[in-house]
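Subject: A structure for you to explore

Hello,

Here is the structure I promised to pass on to you. Please open it beside this email, and then read on for what was found in it.

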Amino acid sequence: MFGTSQKLHNLLAKFLFFSIVLLAFSACRQKQENTEGKAALAVSPDNEGIKVPDGFGVIKVADSLGAPRHITVNSNGAIYLKLRKPIDGEGILYLEDQDGDGIADTKKGFGDYGGTGIYIDESYLYASSDEEIFRYKLDANGEVTESSNPDTLVTNLVSYRTHATKSFTLDGDGNIYVNIGAYSNACQEEDRTLGSPGVMPCAILDSAGGIWQFRADKFKQSYAEGKRYATGLRNVVGLDWNFQLNKLVVTQHGRDQLNTLYPDLFDQKTSANLPAETMYIINEGDDAGWPYIYYDHYQNKKILSPEYGGDGTKTAGENAIDPVVTFPAHIAPNALLFYTGEMFPEEYRNGAFIAFHGSWNRAPEKQEGYLVAFVPFKDGKPSGDWQVFADGFAGVEKVSSPSEAKHRPTGLAQGPDGSLYVSDDSGGTLFRIVYTKE
Amino acid sequence: MVINRLLKDTIPGFLFVLAAIVLFYSCNSSDKKKEASAKTEIPNVSKTTPKAKPPPYIAEGKKVYRQVCLTCHQANGGGVPGLNPPLIKTDYVLGDKSNLLEIIIMGSEAELARDKSEYANVMQGYGMLGDEEIANVASYIRNSFGNKADPITPREVAAYRSATKK
C-alpha cells in the first residue's frame, strides 16, 4: 500500500519536474532566438555580481565544475578546463555551447589526473599534472578524440607539498616553458620556521625555483633533456608567451610571512604590504633573485631577504633582473594572458590580463585582490599603470579570510571572437566577459 | 608512554560524557531560543540573559593565537583552501587531545598533519612555547570558531610531553 503510493508520488514528481524543464526550455529558446535563428548571448542582467568597465558584460558559462585551474578555448569556441583534482576520474573538462547563447550545454571529461596547466595549438591539447606534461592529438574540429593515450612529453619533475603546480606555455616554435615552483617560502633550513637561517647557496634552485624549457615534440623528457631557462623565481603560476616581443613573460608569487618569521624587523602591516607581486619579461639565463632578495615596490629596490641577513633596507641582487610591473603584495597572480582579440576596444589590444587569486597572507589586515587586472602594453612593453579590470569575485565587501570568498579567479583564456574567459577554482564557476557596445 | 595511553584511554569516555552534556544543554538552549522567538511578538519582554564570564584560557589563548596561528589559520579559523587547514569542526582539533597537542608541538611533521597532504604549506612546531601557553591556545581553538570541546590543562600538556618526549 505504502509502496504503491510512494511510487505514484515519485512518478508524479518526475512528470511535473520534466514538464517544468520542458516549459522553461521552450520559453528560453523563444526568448533568445533572434531573427537569424541563432541565440543571442545570455549576458547576466547583474553581470553575476562582477564589476566590469562600462560596455562590458558577464556571462556565466557554467558552474559546479569542481576546482577549475587553467583554461583554454579551441577555434570553435569549445572550452577545455584543467581541474585541480579529477572528478569521477576526469581531470580535464570539455564544455561546448551548442546554441550560441554562451552557456555551456554539454560537458565531457577525460584525463584521470589533477593539475593546473592546459594549452592548445592547432594540432594538440597539452595538459600538466604536478609532475608531468601530456599532449593529446586534436581532430579537425579541435576536439580530442583519443583521450586515453596521450603522449608524455615531460616526466619526473619535482613535486612536494609546496608550489607543486606546473603551469606552462608554448612559444609557437616547438618549445614548452614550465614553471617548477620552489618547494619553500624563502629557502630556510626549516621552511617557514622562526629563526631558521637561509641555505647558502639555495640547493632548491638546482631542480626548482625557475622556468625549464623542453621540446614540444619529444617524449619522456626530464631534467637531463631540458634546460633551466630562468632561475630565482619562487613560484610562477601565470605565464604567457608575448608574440610581439617573442619573449616569455611571467608573474611571480612573492614570499610570505615577513612578520611571522621576523617579528622584530617587520610589523604586521608592513608584512601585509610587502613584497610586491611581480611581472618579469624573461630572457634566457635570467635570474630573478629568489630567495636572496625580494622586491620592495615602495622603495623600488631589490632588498636582501632577512633569511640572508637583510633588515628591510639593505639592497642586494645586483645581477638579478628587475620587474616590469609590480602589484600589491600577496594577491597571487594565477594567470597571465596577452590579449590579441578584436572584440575589446583598441586600448586592450596586446595588453596583459592577470587573474589574481586573492590574498591570505595579509591577515590580520583585510584580504585583497580577488580580481582580474589589466596592464596596457605598447610594442611589447608596459605602457601604463596596472588597473582593475573585473572585480567583486569575492561576492562580499570585506574579505577577512579567503574561505569567505565566493569566487577566486584562477585561469584566463581568449575565445575566437575575442571574449575573455575567467575560471574560478573556489566556487567552481566559469565566466565569460564580452564587450557589448556596438 | 603510560600516560599517553592513559590519556588516550580515558579521554574518549570523558569526551563522550562531555559531548552528551553539551548536546543536552545545546538542545535545551535551542528549545529556549524557539520559545523566546515565539514570544518576540509580546512587547516589553527582555530577551537578554546575563552571559557567563569566559574562562581565562579564552583571552590568554587568543593572545597566542594572534601571535603565531592567525596569519595562516585566519581570524575565523577557516584556514586557506589548499594551503592551510581549517580549525573549524575538525577531528584533529576536537578529537583526541593528543592529536592537537602533537600538531601544535611538531607542526606538519606530526603524523596526522603529514596525512593531510592536500594542504601545501608547512607548519613549524611550537614546542618552544610553555605548557601553559600551549594549553591556553589549544583550549582557545577548541572553544572558538563555533568549536566546543573540553579545554586542555597545562598539566595535560606536561603529561603529554613527558610521555612522548616531544
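Let's start with a pair of strands in chain A: strand β3 (residues 79–87) and strand β4 (residues 90–96) run antiparallel and are joined by five bridges. If you want a place to look, find L81(A), which stands opposite L93(A) in β4(A). Before going further, please keep in mind that this is a predicted model.

Four strands of chain A make up an open sheet, in the order β2-β3-β4-β5, with antiparallel pairing. Which strands stand at the edges? They are β2 (68–73) and β5 (106–110) of chain A, and because each has a single partner strand, one side of each is left without a neighbour in the sheet. From one strand to the next, the twist averages 25 degrees.

Further along chain A there is another set of strands to trace.

What does β23(A) pair with? Strand β22 (residues 352–356) of chain A runs antiparallel to β23(A), with four bridges joining them. Here A352(A) is found opposite V375(A) in β23(A). Strand β26 (residues 387–390) of chain A is also antiparallel to β23(A), and three bridges join these two. In this pairing, A373(A) stands opposite V388(A) in β26(A).

Zooming out on chain A, the domain assignment gives domain 1 (1–32) and domain 2 (42–435). The C-alpha centres of domain 1 of chain A and domain 2 of chain A lie 44 Å apart.

Now for chain B. Of the 166 residues of chain B, 29% count as buried. Among contacts in chain B between residues at least 6 apart in sequence, 59% join residues at least 24 apart.

One helix of chain B deserves a visit. Is α4(B) enclosed or open, and why? Nine of the ten residues of α4(B) are buried, so this helix is largely enclosed by the rest of the structure. Among the buried residues are L100(B), L101(B), I104(B) and M106(B). Just after α4(B), G107(B) takes a positive phi of about 65 degrees.

Within this helix (residues 97–106), have a look at I103(B). Why does I103(B) count as buried? There are 23 C-beta neighbours inside 10 Å of I103(B), and the cut-off for a buried residue is 20 or more. Leaving out residues up to four places away in sequence, I103(B) touches Y92(B), A110(B), L112(B) and A113(B). I103(B) and R114(B) are eleven residues apart in sequence, and their C-alpha atoms are 9.8 Å apart in space.

Last, the place where the chains meet: 16 residues of chain B are in contact with 19 residues of chain A. On the side of chain B that touches chain A, eight residues are nonpolar, eight are polar and none are charged.

Enjoy exploring, and write back with any questions!

Best wishes

Notes: Residues are numbered from 1 along each chain as its sequence is written. Chains are lettered from A and ligands numbered from 1 in the order in which they are written. This is a predicted model: local features need pLDDT of at least 70, side-chain atom pairs count only at pLDDT 80 or more; totals for chains, interfaces and linings use all residues. Domain bounds come from an automatic or database domain assignment. Two strands pair if DSSP finds at least two bridges between them. Two residues are in contact if their C-beta atoms, placed from the backbone, lie within 7 Å. Ala, Val, Leu, Ile, Met, Phe, Trp, Tyr, Cys and Pro count as nonpolar, Asp, Glu, Lys and Arg as charged, and the others, Gly among them, as polar. A residue is buried if 20 or more other C-beta atoms lie within 10 Å of its own, exposed if 12 or fewer, and partly exposed in between; C-beta atoms are placed from the backbone. Axes are lines fitted to C-alpha atoms, for helices over the stretch in contact, and angles run from 0 to 180 degrees between N-to-C directions.
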